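Work through the exercises below with the sequence and the model at hand, and try each task before reading its solution.

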Amino acid sequence: MTEKKQSKKNSLARNIFIALVLAIIVGLLMQSQAEFLSTYIKPFGDIFLNLLKFIVTPIVLFSIIGGIISMKDIKKVGEVGGFTVIYYFLTTACAIIIGLSLANVFKKFFPVISTSDLTFEMTNEVSIMDTLVNIFPSNFIAPMVENNMLQIIVMSLIIGFSILMLEKTKQVKAIETIDILNDIFMKAMGLILKLSPIGVFCLLAPVIAANGPVIIGSLASVLLVAYLAYLLHALIVYSFTIKTLGGLNPIEFFKGMSSAMIFAFSSASSMGTLPINMKCCEELGADHDVTAFVLPLGATINMDGTAIYQGVCAVFIAACYGIDLSLGQMLTIVITSTLASIGTAGVPGSGMIMLAMVLQSVGLPVEGIALVAGVDRIFDMGRTVLNITGDASAAIINSNRLRKKGKIA
């Protein structure tokens, strides 16, 4: 890494961190003006998120296609993809087990909250079979218009494999076209990322102003349990896998991921953080082709933080209703949360829909979501950090594996 690139990276991380601190200070000082911040400051953050959402779709599409065709070997793509999916499922299962275990240990400290007159209106009901069907696009345009990342990934895989099956002369032209398009959108991404500090401040300050009192209020205990689980999963599971499978010092890994983690915390969007996450991984030594394939896949199906959130909230809601979950119900939560993570889009707030699925799977009242709805954004910020960190660990581990096998330089 050149000194110039390192300086730019440190500058971005420093500016994002300064924006984070300023947002917290302003949010706490202007709690009485939360409506003002939400009305006049948050829209600028929303503009920044809109720009990220705009750039994410073409980056995912062309990055995965580029990652596949650059490997020039369908077996290699299958090897990376197979290992990555298994790794994601195993870490997600570990996450939900950690979340459930901590929630059960600390549930006696959960506040007693009145469960009368609770209402929560489901905007979408998603079954596991619906999720399976919805993975596959019915036309070419809809997934990009609807920003449906699962379908975009399937499109990318089909197009990428098809290019590899073309005759040599046509394949070269197709690869050149994809490379040019990829470069164009990467340049656009760079322009948008320069606005990160402004976006972080405008997104976070209104959240702090609106939820500051709640953090130290009656829901503090369940928030603390969730964040403790996030922390333990990162320090135990990711540190272990990065050290043993990735050949990288965990301290170096977390330090290198700092700018992506800070942005993820502020934006609460895995997809929005994808460009910064890709940049951090490559600076840590991850191969570009592996990163271009693994990270978009992870931003869609790897939701360790969301799984922890679902487990902790399920125990919390059960406790508030005076229900003790059985071992069988907790096992069901593990399985359902792991599978539900596939259908959790990497955008703010989508975990709420998956939580409803988990609650229904063990017979808990969906109305209980109203208990945590008010602070979902605070849960979301922490779980997004864990989600994108897990994606990055997979990119580092895959790159190290392929490097040892001599399949990449």
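**Exercise 1.** Which residue with a positive phi follows α15?

Solution. This is a predicted model, in which local features need a pLDDT of at least 70, side-chain atom pairs count only at pLDDT 80 or more, and totals for chains, interfaces and linings use all residues. Residues are numbered from 1 along each chain as its sequence is written, and side-chain values use heavy atoms, with hydrogens and water left out. Begin with helix α15, which covers residues 304-320, helices being DSSP runs of H or I with at least four residues, numbered from the N terminus. After α15 comes G322, and its phi is positive, near 75 degrees.

**Exercise 2.** Describe how far α15 reaches and how much of α15 is buried.

Solution. First, from its first C-alpha to its last, the helix of 17 residues reaches 24 Å, close to the 24 Å expected at 1.5 Å a residue (1.5 Å times one less than the number of residues). Next, apply the burial classes: buried is under 20% relative accessible area, exposed over 50%, and partly exposed in between, with a 1.4 Å probe and protein chains only. By this rule 16 of the 17 residues of α15 are buried, so the helix is largely enclosed by the rest of the structure. For the chain, buried residues make up 55% of the 409 residues.

**Exercise 3.** Find the partner of K107 in a salt bridge, and state which parts of the chain the pair ties together.

Solution. A salt bridge is a side-chain nitrogen of Lys or Arg within 4 Å of a carboxyl oxygen of Asp or Glu. K107 pairs with D324, and their closest N and O atoms are 3.4 Å apart. K107 lies in the loop between α4 and α5 while D324 lies in the loop between α15 and α16, so the bridge ties together parts that are 217 residues apart in sequence. K107 is partly exposed at 28% relative accessible area, whereas D324, at 62%, counts as exposed.

**Exercise 4.** Where in the chain do R383 and D380 lie, and are they buried or exposed?

Solution. The side chains of R383 and D380 meet in a salt bridge with an N to O distance of 3.0 Å. Both belong to helix α19 (residues 376-404), where, being three residues apart, they are separated by about one helical turn. R383 is buried, with a relative accessible area of 1%, and D380 is buried as well, at 4%.

Key: Helix = DSSP H or I, 4+ residues; strand = E, 2+ residues; numbered from the N terminus.
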